[in-house]
Amino acid sequence: MDIENEILQKIEKSIIKNDISLTDKYELWLFLEKNIKEHNRCLAVVIFDEIAENKKESMKTYKSLCIFVLEKCFWKTETGCMDASKLSSKKIGAFITEVMEKFNLKEIEKAIFIQLLEIGLVRLEERGLLNFIPDRMLFRKYIASKATISYIQNPYTKEETEKFMEWTEEHPADVRAQAVSLWFTKGLTLTDIVTLTKKGCWGDSKHVGCIEREGMELFRSTVRSQIVRRALDTHPKNVQYIFAVPNSDYSGWERLTERGLLLKLKAICKKTGIPYKAILLNEAIKLK
């Protein structure tokens with residue numbers, strides 16, 4: 001390793017002193033690039049390629065920050081340059097902790113680090129270089145952890161959403177299906193939905209207490225109100241929550257759970273042939 005460092009220092013000094021011709025520099029650059037791509041199957045290399053190709057809009061907007069994070073957190077770390085076959089979920093977890101605790105990154109740099117890490121892991125998996133399945137929601141989970149409500153684009157296509165909504169309209173007595181369909185009307189999280197009451201929908205006599213998002217009273221919408229009315233028809237009027245089912249001993253009623261809604265979403269996707277895409281508990285589709 002000492003000999004390699006000596007050679008590297010000599011090359012560096014020669015370049016700084018301009019002792020190497022432009023042609024030789026170009027040849028050296030080509031050799032190193034080829035060598036890196038052939039022998040280093042690591043996060044740093046695949047992330048570098050992604051930034052260079054500008055595939056994501058966020059990379060175009062924050063390219064200088066992406067390069068800074070790439071250099072500091074990937075090129076100059078053991079895990080960032082580690083052969084992909086030696087990576088594991090445990091090592092990635094430790095890597096995230098190390099970067100977050102020791103690298104003194106700004107909040108936006110932390111977010112970029114997580115996004116680049118996810119992109120790198122996904123690319124390595126696509127090439128069959130990983131021995132584990134990476135978390136493809138790493139960035140979304142990080143962003144969601146920083147907010148009470150994390151607004152996202154609908155992960156389902158317009159056609160998939162319409163197909164889902166049609167199915168729930170055909171099954172009005174399925175209260176869980178109605179609850180999930182409300183999520184697709186935008187602006188509400190799964191937690192909002194399972195804790196929803198009549199007051200949350202329409203407020204008191206003066207409309208106080210109803211849910212507002214971006215200055216909009218959500219349940220003035222006909223679509224949302226229709227879903228709520230269908231849910232109310234499935235249980236007695238004195239039940240507190242909009243979406244409720246009988247409890248285990250049938251002595252009363254209890255609200256649905258977020259986990260139950262995720263299971264229902266997955267079940268409907270399977271029945272309708274829609275590819276399942278997970279959502280987080282505090283994620284809501286953007287209203288605009």
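Biologist: What share of the contacts between residues at least 6 apart in sequence joins residues at least 24 apart?

Modeller: A contact means heavy atoms within 4.5 Å. In the protein chain, the share is 63%. Please note that this is a predicted model, in which local features need pLDDT of at least 70 and side-chain atom pairs count only at pLDDT 80 or more, while totals for chains, interfaces and linings use all residues. Residues are numbered from 1 along each chain as its sequence is written, and side-chain values use heavy atoms, with hydrogens and water left out.

Biologist: How many helices and strands does the protein chain have?

Modeller: Both are DSSP runs numbered from the N terminus: helices are H or I of at least four residues, and strands are E of at least two. Here there are 14 helices and six strands.

Biologist: How do the axes of helix α3 and helix α5 cross, and at what angle?

Modeller: Axes are lines fitted to C-alpha atoms, for helices over the stretch in contact, and angles between N-to-C directions run from 0 to 180 degrees. Angles under 35 degrees count as roughly parallel, over 145 as roughly antiparallel, 65 to 115 as roughly perpendicular, and the rest as oblique. The axes of α3 (residues 43-53) and α5 (residues 63-75) come within 10 Å and cross at roughly 170°, so the two helices are roughly antiparallel to each other. Among the residues making this contact are Phe-48 and Ile-51 of α3 and Leu-70 and Phe-74 of α5.

Biologist: Which residue forms a salt bridge with Glu-50?

Modeller: A salt bridge is a side-chain nitrogen of Lys or Arg within 4 Å of a carboxyl oxygen of Asp or Glu. The partner of Glu-50 is Arg-123, with the closest N and O atoms 2.8 Å apart. This pair links distant parts of the chain, for Glu-50 lies in helix α3 and Arg-123 in helix α7 (residues 107-126), 73 residues apart. Arg-123 also meets Glu-126 in a salt bridge (3.4 Å, N to O).

Biologist: Is Glu-50 buried or exposed?

Modeller: Buried means under 20% relative accessible area, exposed over 50%, and partly exposed in between (1.4 Å probe, protein chains only). Glu-50 counts as buried because its relative accessibility is 3%. Over the protein chain, 41% of the 288 residues count as buried.
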